[in-house]
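Hi there,

Here is the structure I promised to pass on to you. Have a look at it first, and then read on for what turned up in it.

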Amino acid sequence: MNASPDRPPAVILAGGRSSRMGSDKAAVLLGGRPLLSRIIDRLAPQAATVCVNSNIIARLDFAPGIAVFADTVAGHAGPMAGVLSAMRHAAACFPAASHVVTVPTDTPFVPRDLVERLQRALTEPAQIAVACSAGIMHPVFALWPISLADELEHWLLTDEKRRVRSFIESHRMAVVDFPLIDAAAGSIDPFFNINTPADLETAERWLPLIEDMER
Ligand SMILES: Nc1nc2c(ncn2[C@@H]2O[C@H](COP(=O)(O)OP(=O)(O)OP(=O)(O)O)[C@@H](O)[C@H]2O)c(=O)[nH]1
Ligand SMILES: [Mg+2]
């Protein structure tokens, strides 16, 4: 895997409960391979390094050599708890990095130019760059200034609704639009995420179409 030193560290968010799937989404097989290892392969060439945020660390033994860390705030506080942990991990392990990029573990078709395009969109240091497609923002696919960590921790501990979108929208941000994938069966959203066993079946149908497109 080719890491890119001029890119930010990347953290795969796998800290949720996977309650709709019924088993850890990181370990669920798509085309015979765990979702987590698919995302690692897709992200590794785009980032300085790839790490995983998970609260069930023992079950990640299929990702050898990848650093895994749990949430820094207790109580499954939602995706932004994963983003905070990503910022804290980056600050401790990559002190030269200004930003950290996050991608959830359940989106196997995430664009191969995600990080490059988010990075190019930044025009000032304290900005968040966030992905969108078909007019919809995808708030956990984002490049986060690590300097927001203390503020995010305060927000997590005090905001009643903890809506990711409202945290992002209260900051300077750059929204980056990504095209749909023009596959034989129609348009596929690259940010399609797998929440349920039915979504997994859909992704199994799309996988060969997308592999054909990318060949
Ligand atoms: N670190 C951390 N990540 C979370 C938490 N809740 C959700 N996430 C992550 O945020 C992303 C989007 O969340 P969901 O798609 O709802 O995943 P989930 O919460 O595991 O699944 P459900 O239990 O079915 O809602 C996934 O990558 C999750 O792993 C949390 O409490 N802590
Ligand atoms: Mg959830």
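Arginine 42 is buried, because 20 other C-beta atoms lie within 10 Å. The rule here is that a residue is buried if 20 or more other C-beta atoms lie within 10 Å of its own, exposed if 12 or fewer, and partly exposed in between, with the C-beta atoms placed from the backbone. You'll find arginine 42 in helix H1, residues 35-43. (Helices, H or I of at least four residues, and strands, E of at least two, are DSSP runs numbered from the N terminus.) Leaving aside neighbours within four places in sequence, arginine 42 is in contact with Val110 and Arg112; two residues are in contact if their C-beta atoms, placed from the backbone, lie within 7 Å. Phenylalanine 109 is 67 residues away from arginine 42 along the chain, yet their C-alpha atoms are separated by 8.4 Å.

Before going further, a word on what you're looking at: this is a predicted model, where local features need pLDDT of at least 70 and side-chain atom pairs count only at pLDDT 80 or more, while totals for chains, interfaces and linings use all residues. Residues are numbered from 1 along each chain as its sequence is written, and chains are lettered from A and ligands numbered from 1 in the order in which they are written.

Back to H1. How many of its nine residues are buried? Seven are, and H1 is mostly covered. The buried ones are Leu35, Leu36, Arg38, Ile39, Ile40, Arg42 and Leu43. They pack against strands S1, S2 (29-30), S3 (33-34), S4 (50-54) and S6.

Now try helix H3, residues 114-121, where Leu114, Val115 and Leu118 are the buried residues. They sit on the same side of H3, because they cover an arc of only 90 degrees around the axis (the arc being that of the directions from the helix axis to the C-beta atoms). What do they pack against? Five strands: S1 (10-14), S6 (99-104), S7 (128-133), S8 (136-145) and S9 (173-177). From arginine 117 to arginine 215, 98 residues along the chain, the C-alpha atoms are separated by 21 Å.

Leucine 13 is buried, with 25 other C-beta atoms within 10 Å. Not counting residues up to four places away in sequence, leucine 13 touches Asn53, Pro79, Gly82, Thr102, Val103, Pro104, Thr105 and Val140. Glycine 32, on the other hand, is 19 residues from leucine 13 along the chain, and 21 Å separates their C-alpha atoms.

Next, the ligand. Ligand 1 is surrounded by 24 residues, and the closest are Gly15, Gly16, Ser19, Gly82 and Pro104; a residue is near a molecule if its C-beta atom, placed from the backbone, lies within 6 Å of it. S1 and helix H2 (79-93) are the elements that give two or more residues to this shell, and H2 provides the largest share, four residues. The shell divides into seven nonpolar, 12 polar and five charged residues. (Ala, Val, Leu, Ile, Met, Phe, Trp, Tyr, Cys and Pro count as nonpolar, Asp, Glu, Lys and Arg as charged, and the others, Gly among them, as polar.)

Helix H6 (residues 197-214) is worth a look too. Its 18 residues reach 25 Å from the first C-alpha to the last, close to the expected 26 Å, where the expected span is 1.5 Å times one less than the number of residues. H6 bends by about 35 degrees at tryptophan 206, and proline 208 follows within four residues. The bend is the angle between axes fitted to the seven residues ending there and the seven starting there.

Most residues other than glycine have a negative phi. Alanine 134, in the loop between S7 and S8, has a positive phi near 50 degrees, and alanine 134 is exposed, with 11 other C-beta atoms within 10 Å. Arginine 162, in the loop between H4 and helix H5 (164-169), also has a positive phi near 50 degrees. Arginine 162 is partly exposed, with 16 other C-beta atoms within 10 Å.

Happy exploring!
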